[in-house]
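Please look through the structure below before reading the numbered points. They go from the core to pairs of helices and then to single residues.

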Amino acid sequence: MGNFNKLILFYTQGGITLAKELKGYTISKVSKSVASEPTVNILEDKKPLSQSMLWKLQKNFFDNQGPEAWIKGIVPQYITTNPYIANQYAKIVFGYCRDYISRGDTDKSTTIYIMELASGVGRFTYTFLKRFLHIIKNSSLKDLKFKYIVTDFSEKNIEYWQNHSFLKPYFESGILDCATFDIANDEKLKLRNSGETLDKGNLKASLILFANYTFDSLPQDTFYVNKGELYEGLISVTSKEEEVSSADKSILAGLDYYYTDSIIEGADYYEDKDFNDVLLYYKDRLADTSFSVPIMALRCISRLKKIFNDDIILISVDKGYKNEKAMLNNNHPFLSKHGCISMTVNFHAIEQYFKNLGGKAIHSIYEHENVNMALFLLGDNTHNFVETTMAYNEIIEGIGPDDFYILKRGIVPLGKSLETKQLLDFIRFTVWDSRTFQEFYDILLERIDTEENFPLEELIIVINKVWEYYFPIGEEGNLPYYIGSMLSYIGFNSDALRFFEYSYEFYGASAEIYYRLAFCSYNLGQMEKAQEYVEKSLELDSILEDSRKLKILIEDRFHSM
Ligand SMILES: C[S@@+](CC[C@H](N)C(=O)[O-])C[C@H]1O[C@@H](n2cnc3c(N)ncnc32)[C@H](O)[C@@H]1O
């Protein structure tokens, strides 16, 4: 049978109701049958996983944290938001555009919608738009019309995008819009900027849907199958604490859980036959194993395909199973605890759903370590996505997002033994990834002075490109400060000043940043600005040696004028 937790031995059945628990997180104590075991509270007893209170905690977590979840590095994001992966998405979408233009069933003046689900802090949005617009605007397809809709259910995230100075030009040009979209419920999209509502019946347009690290954070169900019998895995959530704080940094902090299997009779477990077809497919195909159904993902796709009249493709990157082999000998899902909870996504189930509707799916060829990239295609039979498929195949036959991550992990530690040209080439290979640049920063800085014929011009190009594809959120690392310092060191004061201004915008005031601004202004002969900044620096730290010295130099310069 499935994955029973031994905790079940200690409890009597029944007792509390979910509604009562969720409201105030009140907890009923359950008497133990083993005297030496500590008291354990059942917070929730035997719920289908997708209906568990854990998802309510998850929602609270994202609502409370907003962008802070990424700024403070609580939620992982690098692998799904770096410029390398954004570039691969851009190439697939460009392949889609080539298919689109050759379709006989579309009016080419109609807008193509690109919708990103659960976008988080908006880093992927920005980087994708940078790469995609660069490609499409330099192609013969430049007249195609697009609208990119960045979505999430967290209001704090939406406010963040709307106020971010790097996204503003895209919002103002109309290529970018945003909407609240709760994947669990919403049936239409009300775009915040244009006021347009995308709803079934009022639209004849195509949708390209993106879902990165999305389905793994959404409610899923788990099942156990053996000898043609199907069981639902019901979750019970327990705690040794009296109370659970929904504001806790990790949702599962202090909580434990276990599963109980309950047999499913009949063929109508879900409300929709298409979902049941996916579930029942596994009943006779798998044995003595557990598998999950990403039910919220399926419901969301089902609602969106109604708005877009089945004209929809989905690109998704997540921890995911791509075939039945990956579902052999599995237990019920382990819920990993990195701030939010997440579980592996059954991409194979999403494939089955698309196939049953007449569509298809393509997955990575190679085994992945961290994330899988999958492409799902739906649409009528008048076209068969040749170009989209070709673009996708080129990526997965080469270095996909997972391979990129693994390769980079191997190369970065070798930095010191690489030639400067090789370091700069590798940064270019990463599509000017800021993290890689920062990892090589000290090596490059040191070599500027020590290496004969250091390729300074190439370094400047790399710096500008790194910044072009970087979406600042004020996270640890202060990239603009590092770039400013490097440029200042090589005497590019006006460029350095620009980066110190960015550092000020995204990291706020400090004695150090005012000193840097003052220093560059001084070197550029902007004495009044230099004086203003140096005073501000000393207001924050009256003994900062560099600022005190600079103040004397500025005063001398004023006297000699
Ligand atoms: C792990 S983050 C992924 C963010 C981003 N896609 C990335 O790759 O970094 C999960 C995101 O899902 C959002 N989310 C969770 N449940 C959601 C729901 N029901 N509807 C919409 N967004 C949801 C959260 O607010 C969060 O932004």
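1. Two residues are said to be in contact if their C-beta atoms, placed from the backbone, lie within 7 Å. By that rule Leu209 touches Met115, Leu117, Leu304, Ile312, Ile313 and Leu314, leaving aside residues up to four places away in sequence. Residues are numbered from 1 along each chain as its sequence is written. The model is predicted, and local features need pLDDT of at least 70, side-chain atom pairs count only at pLDDT 80 or more, and totals for chains, interfaces and linings use all residues.

2. Which residues have the most contacts inside the largest nonpolar core? They are Tyr89, Ile92, Val93, Leu209, Ile313, Phe376 and Ala518, in a core of 149 residues. The largest share of this core, 10 residues, comes from helix H5 (residues 83-102). Helices (H or I, at least four residues) and strands (E, at least two) are DSSP runs, numbered from the N terminus. A nonpolar core is a set of buried Ala, Val, Leu, Ile, Met, Phe, Trp, Tyr and Cys residues joined through C-beta atoms within 7 Å. A residue is buried if 20 or more other C-beta atoms lie within 10 Å of its own, exposed if 12 or fewer, and partly exposed in between. In soluble globular proteins, nonpolar side chains tend to be buried together.

3. Helix H14 (residues 420-429) and helix H15 (residues 434-450) have axes that come within 11 Å and cross at roughly 155°. That angle makes H14 roughly antiparallel to H15. Here axes are lines fitted to C-alpha atoms, for helices over the stretch in contact, and angles run from 0 to 180 degrees between N-to-C directions. Angles under 35 degrees count as roughly parallel, over 145 as roughly antiparallel, 65 to 115 as roughly perpendicular and the rest as oblique. On the H14 side, Thr420, Leu423, Phe426 and Ile427 meet Thr436, Phe437, Phe440, Ile443, Leu444 and Arg447 of H15. By class, this contact of H14 with H15 has seven nonpolar, two polar and one charged residues. In this count Ala, Val, Leu, Ile, Met, Phe, Trp, Tyr, Cys and Pro are nonpolar, Asp, Glu, Lys and Arg are charged, and the others, Gly among them, are polar.

4. H14 also packs with helix H16 (residues 456-468): their axes come within 11 Å and cross at roughly 25°. H14 and H16 are therefore roughly parallel to each other. Leu424, Ile427 and Arg428 of H14 meet Glu458, Leu459 and Val462 of H16. The residues of this contact of H14 with H16 divide into four nonpolar, no polar and two charged.

5. How do helix H20 (residues 527-540) and helix H21 (residues 545-559) pack, and at what angle? Their axes are 10 Å apart, at an angle of about 150°. That makes H20 roughly antiparallel to H21. From H20, Met527, Ala530, Gln531, Val534, Ser537 and Leu538 meet Ser547, Leu550, Lys551, Ile554, Arg557 and Phe558 in H21. The contact of H20 with H21 divides into seven nonpolar, three polar and two charged residues.

6. In helix H17 (residues 479-489) the buried residues are Leu479, Pro480, Tyr481, Ile483, Gly484, Met486 and Leu487. These buried residues pack against H15, H16, helix H18 (493-507) and helix H19 (511-523). Just after H17, Gly491 takes a positive phi of about 85°.

7. Most residues other than glycine have a negative phi. Asp288, however, has a positive phi of about 45°, and it lies in the loop between helix H9 (273-281) and strand E12 (289-293). Asp288 counts as partly exposed because it has 13 C-beta neighbours inside 10 Å. Asp310 has a positive phi near 65° and sits in the loop between helix H10 (295-307) and strand E13 (312-318). Asp310 is partly exposed, with 14 other C-beta atoms within 10 Å.
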